Each structure stands twice: as structure tokens, then as C-alpha cells.
Amino acid sequence: MSKLAIDESSLLCADHVRALLEWIQKESSGAVFPFLASMAGTALSPGEAASVRVKDVTLPDGEFGEVLVRAGEGRKVPVSPDVVGVLRRWIDEVDLETEDLLFPADRGGPLASSEYKRAWRHARHAVLSPDEVQAGLGEQVSSLRDSCLDRWLEAGVPAWGVAEWGGVSASWIALRYPHRFRLEDVEIDWEHLEEILRLPDIPER
């Protein structure tokens, strides 16, 4: 198995993510909650999320939106309606302008990594069981990105689509999440396979 592969048991499930974000929403202040919620729903890395500006997001009410990630070659990533709602409320709450960073620190400038890492660390110890914490479940904030990429695969988004949204290669996705590419989990239409592989009629010799 590739050293890049992530153990399925080390991924945060959807319930874990919701519980962690719910705690952070109640216990943290400023941009921390919307910042982490956006990571959980778009699989942006912390550095990418910190550099997003208001002009980079399209947030239609009640529908899927979009965020433009300008890092690297640039890419567009879908934003779920729930995260759209979080971001719309956040922008209105702090009266952000088009050119502003989407997640500014209280005194301006980018949100400090120490701030959201501290909130994440406290949330893990408050929400996860001692065994889960000891096992390292969700140890890094980047676990939100890993979890989101995995859920996209689980939802049936093709690997090349997940790769495009995540800013990585399809081969990286296959190596990172091998549990999503097990042959025994694939339902094969054997009759259709037989039909498309059928040879032309060959006279007997």
C-alpha cells in the first residue's frame, strides 16, 4: 500500500464533523467557525481558505455556490447550500466588502493559524472520546479537507472530478483513498461487459 494512503478509520465521519463544528460555533468567536466550516465543505487547505476574498465566492441563497481558488493554476470548487448560508450570514454580520478577505482576523489581515488551531484542539477534546483523541482522530485541521474529499468520493463524484475540485491529480486521489477503489465494492454489469467484449462471428476451421 502507498505511504500516501490514509486509513479509513482515521477519517472524520460526517457526524464527527458536524459535532466539532457545532462546538466551535458556540465556543469560538470571529472568523474561526466560518473558516473551518468552509474547509469542511470545500476541501480547501488552510492556506487556500485564508487567502479567499469576498469577490472569489458566489453564494446564491439556498443553492450550491462556488469558490474560486486562485492558488496555483486556479480552480473552481462547489460550495454546498449549508456552507453558502454560513458564509452569507458571516459576510452580512461583519459587513465585508468585495475586496476584503473572507476570513479576516479581528484586527485585520489573514486569520492567524494559531487561532483556528487552538479552537480545533479544544473542540477535539470536548467532542471526541478519549480513545478517539488518543488514536489521533482529526488531529490536524487538515483532517477537514481529507474528510471532505472522501465524502465526495462516497457520494459518487468521479475521481477525476474530486481531483479537479481538490487541486490534485486523479492518481493522488486513488493512492490517498484506496478504500474507495476496491473492486469487490463495484457492481459490475457482467451481461453488458460480455456484450461489449463480444468478438465478431468467426467461422470454425
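Is Cys148 buried or exposed, and why does it count as such?

Modeller: This is a predicted model, in which local features need pLDDT of at least 70 and side-chain atom pairs count only at pLDDT 80 or more, while totals for chains, interfaces and linings use all residues. Residues are numbered from 1 along each chain as its sequence is written, and side-chain values use heavy atoms, with hydrogens and water left out.

Cys148 counts as buried because its relative accessibility is 3%, where buried means under 20% relative accessible area, exposed over 50%, and partly exposed in between, with a 1.4 Å probe and protein chains only. The residue sits in helix α7, a helix that covers residues 143–154; helices here are DSSP runs of H or I with at least four residues, strands are runs of E with at least two, and both are numbered from the N terminus. Once its neighbours within four places in sequence are set aside, Cys148 is in contact (heavy atoms within 4.5 Å) with Met39, Ala40, Gly41, Thr42 and Ala43. Ala14, although 134 residues away in sequence, has its C-alpha 8.9 Å from that of Cys148.

The same helix α7 also holds Arg145, which is buried yet has no salt bridge, Glu48 being the nearest side chain of opposite charge at 4.4 Å. A salt bridge here requires a side-chain nitrogen of Lys or Arg within 4 Å of a carboxyl oxygen of Asp or Glu; for charge, Lys and Arg count as positive and Asp and Glu as negative, whereas His and the chain ends are not counted. A polar atom of the Arg145 side chain does lie 2.9 Å from the backbone oxygen of Gly166. Beyond four places in sequence, the contacts of Arg145 include Ala43, Leu44, Ser45, Glu48 and Arg75, together with Gly166 and Val168.

As for the setting, the protein has ten helices and three strands, arranged along the sequence as α-α-α-β-β-β-α-α-α-α-α-α-α. Of its 205 residues, 40% count as buried, and among contacts with a separation of 6 or more, 60% join residues 24 or more positions apart. The C-alpha trace spans about 85 × 40 × 30 Å along its principal axes.

Conventions. Polar contact = N/O pair within 3.5 Å; in protein donor to acceptor, adjacent residues only side chain to side chain.
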